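Have the model open beside you as you read.

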Amino acid sequence: MVTSITPALDERRLPPAAPTPIRSSLGRKIVRWAGHVVLAALISSVLSVALLRFIDPPMWSWRLERALFPPAKVTDVKHDWVALSEISKELQLAVIAAEDQRFTRHHGFDMAAISAAFKHNQQSERVRGGSTLSQQAAKNLFMWSERSVIRKGIEAWFTLLMELGWDKSRILEVYLNIVEFGPGIYGAEAAAKHYFGKSAARLTRYEASLLAAVLPNPWRYRIKPASPYVQKRSAWIRRQMVQLGHITLKEMQQTE
């Protein structure tokens, strides 16, 4: 009887083990890490906006960038935070008339203004913005000056958070306290004292319209002495204030 003997398998002839997918593993780690970063950024942004609903910011991104990279030499920086009730209603109305006349009616984005600005920019070399006061407040608080799609996207996110968590009065209060009115001059109180030697609560309609007139470019436009452009724009703002009336401010108070 012949016994069949199966030869032992030679381990050296076995196919080599599949290499560990290093690239695939690294890719998953990068994706996981990026997801954690995005999640942390989202959570921190929500918490920041929630806290700033009640806490006045001691510093904000626009002022920080100006301190690090000023367009020109600044010898003195002035800023005094005041409550909205301590800012002249004339200035409140002047800024709305100049920058965002549908401020009390939109939810952060004025699509009509954005569409009009887009059409204008397609036909003119002079760029016109369509940002609302909410967007401008978000930009001053959290953004940098460089124009890019990424920046506008992040700005839109913060604008949405502010509109959801803040009322219109808080948005206007923050904006009026952090916006530039000239080189190194931040906020309504500092601007009123610098240009007119009085508090923001005592500003007249004419003075308020002058301050609102320089907002598009406070490093270029002058208040004292007021340039012809500022004089012309401030007169237009006063006409718009008459049309808007204080009904706009009452509408804002109703959102509180």
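This is a predicted model: local features need pLDDT of at least 70, side-chain atom pairs count only at pLDDT 80 or more; totals for chains, interfaces and linings use all residues.

What does Phe-181 touch, leaving aside its neighbours within four places in sequence? Its contacts are Leu-176, Gly-187, Ala-188, Ala-191, Tyr-195, Leu-211, Val-214, Leu-215 and Pro-218.

## Helix 3 meets helix 9

Helix 3 spans residues 89-99 and helix 9 spans residues 205-213; their axes come within 8 Å and cross at roughly 40°. The two helices are therefore oblique to each other. Helix 3 passes helix 9 in a right-handed crossing.

On the helix 3 side, the contact is made by Glu-90, Leu-91, Leu-93, Ala-94, Val-95, Ala-98 and Glu-99, while helix 9 brings Arg-205, Ala-208, Ser-209, Leu-211 and Ala-212. Sorted by class, this contact has 8 nonpolar, 1 polar and 3 charged residues.

## Helix 9 meets helix 10

Helix 9 also packs with helix 10 (residues 228-244), at an angle of about 120° and with the axes 8 Å apart. This crossing is right-handed. Helix 9 takes part through Arg-205, Tyr-206, Ser-209, Leu-210, Ala-212 and Ala-213, and helix 10 through Val-230, Gln-231, Arg-233, Ser-234, Ile-237, Arg-238, Met-241 and Val-242. By class, the contact has 8 nonpolar, 3 polar and 3 charged residues.

Arg-205, Ser-209 and Ala-212 of helix 9 contribute to the contact with helix 3 and also to the one with helix 10.

Helix 5 (residues 133-142) is mostly covered, with 9 of its 10 residues buried. The buried ones are Leu-133, Ser-134, Gln-135, Gln-136, Ala-137, Ala-138, Asn-140, Leu-141 and Phe-142.

Now look at Thr-159, which sits in helix 6 (residues 149-165). Why does Thr-159 count as buried? Its relative accessible area is 0%, and buried means under 20%. Leaving aside neighbours within four places in sequence, Thr-159 is in contact with Gly-108, Phe-109, Ser-134, Gln-135 and Ala-138. Ser-134, Gln-135 and Ala-138 are among the buried residues of helix 5.

Technical notes:
Residues are numbered from 1 along each chain as its sequence is written. Side-chain values use heavy atoms; hydrogens and water are left out. Axes are lines fitted to C-alpha atoms, for helices over the stretch in contact, and angles run from 0 to 180 degrees between N-to-C directions. Helices (H or I, at least four residues) and strands (E, at least two) are DSSP runs, numbered from the N terminus. Angles under 35 degrees count as roughly parallel, over 145 as roughly antiparallel, 65 to 115 as roughly perpendicular and the rest as oblique. A crossing is left-handed if the near helix is turned anticlockwise from the far one by less than a right angle, and right-handed if clockwise. Contact means heavy atoms within 4.5 Å. Ala, Val, Leu, Ile, Met, Phe, Trp, Tyr, Cys and Pro count as nonpolar, Asp, Glu, Lys and Arg as charged, and the others, Gly among them, as polar. Buried means under 20% relative accessible area, exposed over 50%, partly exposed in between (1.4 Å probe, protein chains only).
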